[in-house]
Amino acid sequence: MCGVVGIVGSQPVNQLLYDALLMLQHRGQDAAGMATLDAQQTFRLRKGQGLVAEVFDSGDLAYLQGTIGIGHVRYPTSGTAASAAEAQPLYVNSPYGVVLAHNGNLTNAAEVTTQLVQQAYRHLNTASDSEVLLNSFAEALYHCRGAATKVEAIFSAIRRVHRQVRGGYACTAVVSGQGLIAFRDPHGIRPLVLGQREQYDGRMAYMVASESVALRAVGFELVRDVAPGEAIVVTQQGELFSQQCAEWPRHAPCLFEFVYFARPDSFMDGISVYQARINMGHRLAAKIARTWPTLSIDVVIPVPETACDPAIVMAEVLKRPYRQGFVKNRYIGRTFIMADQAARQQSVRRKLNTIAEVFRGKTVLLVDDSIVRGTTSQQIIALAREAGARRVYFASLAPQVQFPNVYGIDIPGIKALVAHSRDVDSINRLLGADGLVFQDLADLVAAVRQENATIQGFEASLFNGEYITGDVDSAYLTKLDQQRQELTLYEV
């Protein structure tokens, strides 16, 4: 999972890009980068490993001159987290000069790489599928350069990209001499929103970003979502053009975005993330009341922070007090998106501390957004018992995560998933809780879709193993698991 942003206007965009990336930091903590296009049509690029505030200083911002640019925060799902070369944006010099930032993952990257190398004679310098996507777009743009207008050439190129690549992708790019480009995969798996604001000269500035919270942080108004398969072009003169570039678009956004990744103050795909999570809490509380009708819970405690809002609702529905029993160290990164298992395990106790008075002698219901590997949940339950809890029950706002994700979320191989091939009782014994309950998938879908009934469906392969691009089977997943293991051995 990554975060992308792009801005074009009449004023310098360096500070705006920086501030927007700060608001998207939760989407990637491994690396950050920005690229701008100056008045001489020269790209200025700065990127590196680390958090936004660590990568850029005042000198970098002074260097990043221009009224058009893009930015990226990286959480690696393809390639290697150890490689600074894979930090984005990425650049190619032909045709025109193109920089691109990508959120998502391609499922046919190997196939497209072969085509690019053997047929187009392009050289790829990293293992990143984002570089594959960049070169696919650049090669398509070269073949479409004879179109009637520059804008039509870009739309034609993106139509070719949609036909060539498969997977989840939300992209921002800048083409020298042409403008800012944004496009989204035909299923709309990864989010992308469009915003605008009026400038001092009366012209309109435009912005695209992974989440609406980045728009508001820099004074832009949310206009709408970029549609699945749609491409948007904003020229350097501020003219906006849009066109549907996919033959068969089907709106199916990632369900896990609303469970875990997105900020609660964001709107994506016409859905308030906050309200969707409130709905999740209502439905999970109703299931708990059915599952444990005679259970006497003393207190409802969230695992901060994603589960806090739903847990408040659950406490109200169950008529039990809500308490903050864990204190979070906000200077420790999100454990789920850390690069390796050892880092995740070491961080849990540094990240969370208990308030013993909340737990001592009580039957507690812990609420978390999801259970993936299970090791973090084990440690949280152990912390609750160490703090004096008499009994510990655990509730997950998401269903059992049983399958890997191939569209941009670094869910591990099947063998590492605690819920794969295990029933709830077996998972509960491994975690060490007195009881365990998961949200039903139908309830999770209903909770999110309640905020936007026009959505045709959701990408929910984590939970049901159904991959909507139609090119993922057991052999693909086995190969993916082998690659993950080899990469882990290499990095160690």
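Mentor: Contact means heavy atoms within 4.5 Å. Helices (H or I, at least four residues) and strands (E, at least two) are DSSP runs, numbered from the N terminus. This is a predicted model, where local features need pLDDT of at least 70, side-chain atom pairs count only at pLDDT 80 or more, and totals for chains, interfaces and linings use all residues. Residues are numbered from 1 along each chain as its sequence is written, and side-chain values use heavy atoms, with hydrogens and water left out.

Trainee: Okay, which residues in helix 5 meet helix 6?

Mentor: Leu133, Ser136, Phe137, Ala140, Leu141 and His143 do. Their partners in helix 6 include Ala153, Ile154 and Val161.

Trainee: And at what angle do helix 5 and helix 6 pack?

Mentor: Axes are lines fitted to C-alpha atoms, for helices over the stretch in contact, and angles run from 0 to 180 degrees between N-to-C directions. Here, helix 5 (residues 129–143) and helix 6 (residues 150–164) pack at about 130°, with axes 8 Å apart.

Trainee: What about Thr172: buried or exposed?

Mentor: Buried means under 20% relative accessible area, exposed over 50%, partly exposed in between (1.4 Å probe, protein chains only). Thr172 sits in strand 7 (residues 167–175) and is buried, because its relative accessible area is 0%. Beyond neighbours within four places in sequence, Thr172 touches residues including Val4, Ile70 and Val208.

Trainee: What's the strand order in the open sheet?

Mentor: Two strands pair if DSSP finds at least two bridges between them. The seven strands run 3-2-4-1-10-9-11, with antiparallel pairing. Strand 3 (43–49) and strand 11 (221–225) are the edges, each pairing on one side only.
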